[in-house]
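Student: I would like to look closely at a single part of this model and follow where it leads. Please keep the account connected.

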Amino acid sequence: MEWRIKSFSDLSSLELYKILQLRINVFMLEQDCLYPECDDKDLKGEHLYLVEEDQCLAYARLLPPDVSYPNCSSIGRVVVHADHRQHKYGQELMERAIAYLKNEFPEVPIRISAQEYLKRFYTNFGFKIESDVYLEDDIPHLEMALY
């Protein structure tokens, strides 16, 4: 197993395929949610992922300030393969994502749009709820920030 972080232009076609396969399988198929998965933000961010034998087990998209939120960096598309959730890769994924963004943009808050049922997961990393519940692609979400 290996954690990797790459810009979009540094991803191989197989890496990109496996990342998109995981994102689509979880966000669109497992969660039964139809939305534009390819939203051009991938082109502007870094891609943090865990691979084992060419399979993507965990993934997060790390965006610089002002791409998703004004004056904030962001973490999005946080996902762990269904067959590997018992290994707590999500925790390590978030720890690595936060560390990367805090290193790259030390004085900039990190903002996320979190699925409501995961609020405890994100508050354990220090994220604070900053909105009421809202629907994003028919799934309840909360805006959260880490300062």
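Does R111 count as buried or exposed, and at what relative accessibility?

Tutor: R111 counts as buried, at 11% relative accessibility; buried means under 20% relative accessible area, exposed over 50% and partly exposed in between, with a 1.4 Å probe and protein chains only. The model is predicted, so local features need pLDDT of at least 70 and side-chain atom pairs count only at pLDDT 80 or more, while totals for chains, interfaces and linings use all residues. Residues are numbered from 1 along each chain as its sequence is written, and side-chain values use heavy atoms, leaving out hydrogens and water.

The side chain of R111 meets that of E130 in a salt bridge, 2.7 Å from N to O; the term denotes a side-chain nitrogen of Lys or Arg within 4 Å of a carboxyl oxygen of Asp or Glu. This pair links distant parts of the chain, 19 residues apart: R111 lies in strand β5, and E130 in the loop between β6 (128-129) and β7 (134-136). Strands (E, at least two residues) and helices (H or I, at least four) are DSSP runs, numbered from the N terminus. Elsewhere, salt bridges with shared partners join R23, D39, D42, R61 and R77 into one network. The whole structure holds 10 salt bridges.

In α2, the buried residues are Y89, G90, L93, M94, A97, I98 and L101. Seen down the helix axis, they fall within an arc of 160 degrees and so line one face, the arc being that of the directions from the axis to the C-beta atoms. A salt bridge of 3.0 Å, N to O, joins R96 and E92, which both lie in α2, 4 residues apart, about one turn of the helix. R96 counts as partly exposed at 36% relative accessibility, as does E92 at 29%.
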